[in-house]
Amino acid sequence: MTDVTFILRDGSRRTLDIPEGSSVMQAAVMENLKGIDGECGGCLSCATCHVYIEAIGAGELPPIDEEENALLDGVAAERRPESRLSCQILATPGLSGLVLRVPERQM
Amino acid sequence: MISQEQNDTYTRVGRGTPCGELLRRYWQPVALVDELDGPRPVRPVRLLGENFVLFRDEQGRFGMLDRDCPHRGADLAYGRLEAGGLRCPFHGWLFDATGKCLETPAEPVGSKLCDRIRQGSYPVAVRSGIVFAYIGKGTPPAFPDLDCFVAPETHTFAFKGLWECNWLQSLEVGMDPAHASFLHRFFEDEDPEASYGKQFRSTSIDSDLPITKVLREYDRPQISVASVPHGLRLTSLRPIDETQTHVRVTNIVFPQAFVIPMSPTVTITQWHVPVDDHNNYWFTLFTSFTDPLDKKTMREQRLATYPAPDYKPLRNRSNNWGYNPAEQQAQTYLGMGFDINVHDQWACESQGPIQDRTREHLGQSDKAITAYRRLLSAEIEKVAAGETPLMHLDAAQAATLRGPVSFDGVDRAGDVERYWRDGDARRRAAAPWGAEVEA
Ligand code: FES
Ligand code: FES
Ligand SMILES: [Fe+2]
């Protein structure tokens, strides 16, 4: 299990314990965490699972591939260097301690 | 008598439950091949509380997919069979037999959505007229070389029917040799010659006693239970007089099938397959050791009371299973007609959707039931501990299993085991399809 903390739009923090292999987007949507949408269910076609990486725990994030990069150009909020699509981040024990900020909008 | 907790462990079979995870480690019968022979070979399948759609594509390949469309959840059992797969009628998404998404026609040109969609799909195998599917983790086991799987198509016939109760109480009827003397008692014997394709209507081997008479007049069987590689072997002895003993050998093929004799030449292998916690389908495979089976007659006999497409019996709880007190007085022990299957159906459906085993009282004659439950507990624990359960076979193990012996005859030599083993070996030697003897 992997602890991932979300900083929500109102500044409050919420930590989810995510089962290994599940994506951060999936876990957030299943827990009804406001601010992450994931309309396409993780198919890399909606860009509504945008997050900003605030802090990385021990491990490393998977690199951004071409398709994620292309889709990040279309996110609704500002794209920044720390932007990622959370459906592409799968929970691994090494990622525990990851902190993400929810953008002001997804569409 | 067992605790509520233990009863739940045995009877609840949804995904993630201990028994559900055990049963998911085996091939499960999901349909008759007959059901996918018509003009539109698409059938909904509900298995272990989960919903699937089974279909045969234009090339004849079988596929079993999750039933809800991955787009917005419409029911793929109403799909269009075309263009190399099954197409959802809601927005036209198309899936092949492996669950690969082939088209998402409403998406803009160049959309990659389709490449990333994969509908859940499950391995399917056809044996002796039954479609089996594997919905568990890891690799499916190999099919053992049991008679019902190695006999040619001409010598096997498969049918199924719905019983509205939990799978375990249905299977437990099949390991209860004593009930046949009561539940299936007819006050007069029918002419065994007029009994094609029916159970308990012929005579036992080496005797002219109709089985109905043996069951009726000798009602305290001595039951013994042995652990064997495929599960359990039950031997029921009914002493007829000083020199003759009626012997009946039946089996449990773990986890969910029993193998019993139907007549001197035909055996029955019957699975009880959970639809969900409150319903199960029996799938029966008849295997002949002599002549080819008259499948047409056998199918028509059964479709008359278990009509397609759902194979739900005409006699059921809603009409009191056709109970007739006058018949019960004069002709049969139960009063629900002469179809043995209806008797067994009443017995287990009348126990309720899930039998409350906190209120039962088992006797000596129920010893196979207790032996089976011990085995079931042990195998559930193995799976929970990540071990391989009994009968989850690899190819080498599967090739060593034979038979199993199922036998109904009258011994006069005073050595019953020798008698049924020899009798079974003789029958196998004479079988036109080279049935091999169980070790
Ligand atoms: S959920 Fe659609 S792109 Fe991540
Ligand atoms: S719900 Fe099946 S294609 Fe839209
Ligand atoms: Fe019976």
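# Notebook: hairpin, sheet and rings

I opened with a hairpin in this predicted model: in the one made by S10(B) and S11(B), with two residues between the strands, B:Ser128 takes a positive phi near 50°. Strands here are DSSP runs of E with at least two residues, helices are runs of H or I with at least four, and both are numbered from the N terminus. I then looked up the pairing and found four bridges joining strand S10 (residues 124-127) to strand S11 (residues 130-133) of chain B, in antiparallel fashion. Pairing asks for at least two DSSP bridges between two strands.

**Ground rules.** I number residues from 1 along each chain as its sequence is written, and chains are lettered from A and ligands numbered from 1 in the order in which they are written. Local features need pLDDT of at least 70, side-chain atom pairs count only at pLDDT 80 or more, totals for chains, interfaces and linings use all residues, and side-chain values use heavy atoms, without hydrogens or water.

**The open sheet.** Which order do the four strands of the open sheet in chain B take? I read S2-S3-S4-S9, with antiparallel pairing. Strand S2 (42-47) and strand S9 (121-122) are the edges, each pairing on one side only. Between strand S3 (residues 50-56) and strand S4 (residues 62-66) of chain B I noted five bridges, and B:Phe52 has B:Asp66 as its bridge partner in S4(B).

**The annotated span.** The unreviewed UniProt entry gives "domain: Rieske" for residues 27-133 of chain B; such annotations may be inferred rather than shown by experiment. I checked the ends of that span: their C-alpha atoms lie 5 Å apart, and the span is 4% helix and 41% strand.

**Aromatic rings.** My search of the whole structure gave 20 aromatic pairs over all chains. Rings of Phe, Tyr and Trp (its six-membered ring) pair if their centres lie within 6.5 Å; planes under 30 degrees apart are stacked, over 60 edge-to-face, and the rest tilted. B:Phe52 and B:Tyr122 are edge-to-face, 5.0 Å centre to centre with 75° between the planes. This pair links strand S3 to strand S9 of chain B, 70 residues apart. How buried are the two partners? B:Phe52 has a relative accessible area of 0% and B:Tyr122 one of 17%, so both count as buried (under 20%; exposed is over 50% and partly exposed in between, with a 1.4 Å probe and protein chains only).

Next I took B:Phe254 and B:Tyr372, whose centres are 6.0 Å apart and whose planes meet at 40°, so the pair is tilted. B:Phe254 is in the loop between strands S15 (245-253) and S16 (257-261) of chain B and B:Tyr372 is in helix H10 (residues 367-384), so the pair ties together parts 118 residues apart in sequence. B:Phe254 is buried at 3%, and B:Tyr372 is buried at 0%.

I also logged one aromatic cluster: B:Trp27, B:Phe132, B:Tyr134, B:Phe143, B:Phe149 and B:Trp271. B:Arg127 has its charged end over the ring of B:Phe143, 4.2 Å from the centre (the test is NZ of Lys or CZ of Arg within 6 Å of the ring centre and within 35 degrees of the ring normal).

**Over to chain A.** A:His50 is in strand S3 (residues 50-55) of chain A and is buried, with a relative accessible area of 0%.
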